[in-house]
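I opened the model to look up a few things and kept notes as I went. The entries follow in the order in which I took them.

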Amino acid sequence: MEVFFQTLVLAVSNVSVYVLLGTSVSLLFGVVGILNFAQGDFMTVAAYVGYFGVATIGFGWLASFSLILPATVLVGLAFYLLVLRPTRKHDPALVLVATFGLARLSQGIVQLIWGGVPLGIPRINGAWNVGGVAVPYSVAISVVLAAIGLGGLLVVLGRTPFGREIRATAQDRTGAALVGINANRIELGAVVLSVVLTGLAGLMIMQRELLTPFVGFDIVLKAFAVAIVAGLGRVNGLLPAALILGFAEGLVAGYVSAAVAEAAIFGAVMLTLLVRPQGIAGARLRT
Amino acid sequence: MSGQMSGVLGTLRARPVIGLVVGLVVVAAVGFAPLDFHSYGIVVQIYVLAGAAVTWNIIGGYGGQLSLGHAASFGLGAYAAAWMTYEHDAAVPVAIAAGMLVSCVVSIVLLPCFRARGAYFAILTLAFASIVAQLAREYAPNGNSGLIFDSFPVTSRAPLQLLTVGLIGTLVVVYFLTRSRIGKGLEAVRLDLDAARAVGVDDFRMRSIALLLASLLNGWFGAVYGLNLGFVDPETAFNLQWSITPVLAAILGGTATLWGPVAGAAVWIAISELISVGDLSGGAPLVLQGAALLIITILLPRGLAGIARQVVATLGRRAGPDRARIGDGAAEATDLEEAKS
């Protein structure tokens, strides 16, 4: 029984990453209408920038976010201007391939700069003992970060004029433009926002595991899975979806095998697409 | 001068078979020519990639569904062939047949995914390939260490000959596929799904046939690749490369064209060789791939075939009435899609 809870506790840190990445994917899809294969690589870049801050400049882990934040803003800007804008009129399949190319490019650049050897920063160790189950501090930290990310986004979307304009543009771009919203600028803002979320995820990843150029890409499919099951473009379903998939993955991986766990997630996505394609939150699907 | 070219073009348009045969003769000539060691290696690379790209094109170009899981059929072909040789000392044809069969049968799992379209389909195929790779890492014979075996004597030219035969066969199959009822059905589904369904085209059947055919044929190339290497492990066989480079080659050359993927493969390998960074494990190949994909998809979405078509159109303007052919379908398709968006 203890093993069961222990597995769940460890899975929580996965859930947190999925929440952040899934939210970022969903936000981008909701506003721009594409699934971005490079989203995980934005997280990788953020994590490496953080690593640079810690290992080279001497920042503390948390303080490295002061570097990550501007970096993600820049990445978001570049992504929007150099990739999204020129391909606006293209066949969506081509845009997907383009984001794939961006992912590879990013992986290559990271590898050229930092090499392929896994890198790590000094981590926060230690754990609480809750009735025989170890609850690492890092797990709690990941929950806090995920809460900040998701909570922050919900506040922005729900309570700020900017957020309102994002929601309007996501619902109906033409309609939004008709009421005077500068759709291009809102898109840009949403893209940057989604990349900043991956920055938070990058900060989290630095505590979780060793960094490789592929650390983000390896997770991105699962982030897509969470976003799809949650309902693309809707932020409401994300937490339940991340919880379900994260825990299911953890349990299956613990009791059976990691490969079967991945297959299970794949199965969950297929099931969702076949049975309830709009996901948990019931998004309007854009194909 | 352009009058002369119109003549040649006019003939080609009236009898596309001639173009096919000429192309196949070139492929055969290069494949069976006495090449020096270095050139041999390059042609092998080109033909493997061309095979993977042409087979991908069946699903992705003609079928209109972006598949990012082509590495699965490739790797399965390699593994099955390797296993037959390693464990059962099978003859080469048997090993290749096993590769094709396994690749085709396993891809049946993907069939339900055809309900999904566009990005969802892409994700599902990528996930599929990723899971197959993962399962291979955990459960394949010899697991991660891979299988080492002997298939061909070192100086043998047989691998390239097998690849040539496979490429010719695949091109012939694709040529006749596009002119068959199934091919027309695929084109209809690709251009306008609702209209196709309205006239009674069973899109699920069309796409299923496309998928099974593509994996079957890709298994050939994966098998020969594996046998040629004499070494197969999950990392090389199921490497993401094999999902990406065929797509790159096909888009570069022109999707939904017969020779586009072949041309794209040749150009891509040439570029890789030119910018050859001896160290294959560094970040440079990734940067190259990524940059190329970005440039091609953003600037050259119709690929070289699109450029060629424009050149031909400008030069051959006096060639006479245009008969709509499958090749043109690709241009019309992208026009339609652009008009729709």
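Entry 1, conventions. I count two strands as paired if DSSP finds at least two bridges between them. I take helices (H or I, at least four residues) and strands (E, at least two) as DSSP runs, numbered from the N terminus. The model is predicted, so I note that local features need pLDDT of at least 70 and side-chain atom pairs count only at pLDDT 80 or more, while totals for chains, interfaces and linings use all residues. Residues are numbered from 1 along each chain as its sequence is written, chains are lettered from A and ligands numbered from 1 in the order in which they are written, and side-chain values use heavy atoms, with hydrogens and water left out.

Entry 2, the hairpin in chain A. I looked up what stands opposite Trp128(A) and found Val135(A) in S2(A). Strand S1 (residues 127-130) and strand S2 (residues 133-136) of chain A run antiparallel and are joined by four bridges. Two residues separate S1(A) from S2(A) in this hairpin, and Gly131(A) in the turn has a positive phi of about 55°.

I find 16 helices and two strands in chain B. Of its 341 residues, 52% are buried (under 20% relative accessible area; exposed is over 50%, partly exposed in between, with a 1.4 Å probe and protein chains only). I took contact as heavy atoms within 4.5 Å. Among contacts in chain B between residues at least 6 apart in sequence, 80% join residues at least 24 apart.

How many residues of chain B are in contact with chain A? I get 42, against 45 residues of chain A. The buried area (accessible area, 1.4 Å probe, that two parts lose on being put together, summed over both) is about 3700 Å², and carbon and sulfur atoms give 79% of it. On the chain B side, Tyr120(B), Ile123(B) and Leu286(B) lose the most area to chain A, together 19% of what that side buries.

I find zero salt bridges between the two chains (a side-chain nitrogen of Lys or Arg within 4 Å of a carboxyl oxygen of Asp or Glu). Helices H6 (118-139), H12 (241-253), H14 (284-299) and H16 (326-340) of chain B each give two or more residues to the side that touches chain A. H6(B) gives the most, with 14 residues.

Glu187(A) and Arg88(A) meet in one, at 2.7 Å, N to O. Glu187(A) lies in helix H8 (residues 183-208) of chain A and Arg88(A) in the loop between helix H3 (65-84) and helix H4 (92-114), so the pair ties together parts 99 residues apart in sequence. Glu187(A) is buried at 4% relative accessibility, whereas Arg88(A) is partly exposed at 34%.

Glu187(A) also forms a salt bridge with Arg173(A), the closest N and O atoms being 3.0 Å apart. Arg173(A) sits in helix H7 (residues 173-178) of chain A, 14 residues from Glu187(A), and is partly exposed at 29%.

Glu249(A) and Lys222(A) meet in a salt bridge of 2.8 Å, N to O. I place Glu249(A) in helix H10 (residues 238-255) and Lys222(A) in helix H9 (residues 215-230) of chain A, 27 residues apart. Glu249(A) is buried at 9%, and Lys222(A) is buried at 18%. Shared partners join Arg88(A), Arg173(A) and Glu187(A) into one network of salt bridges.
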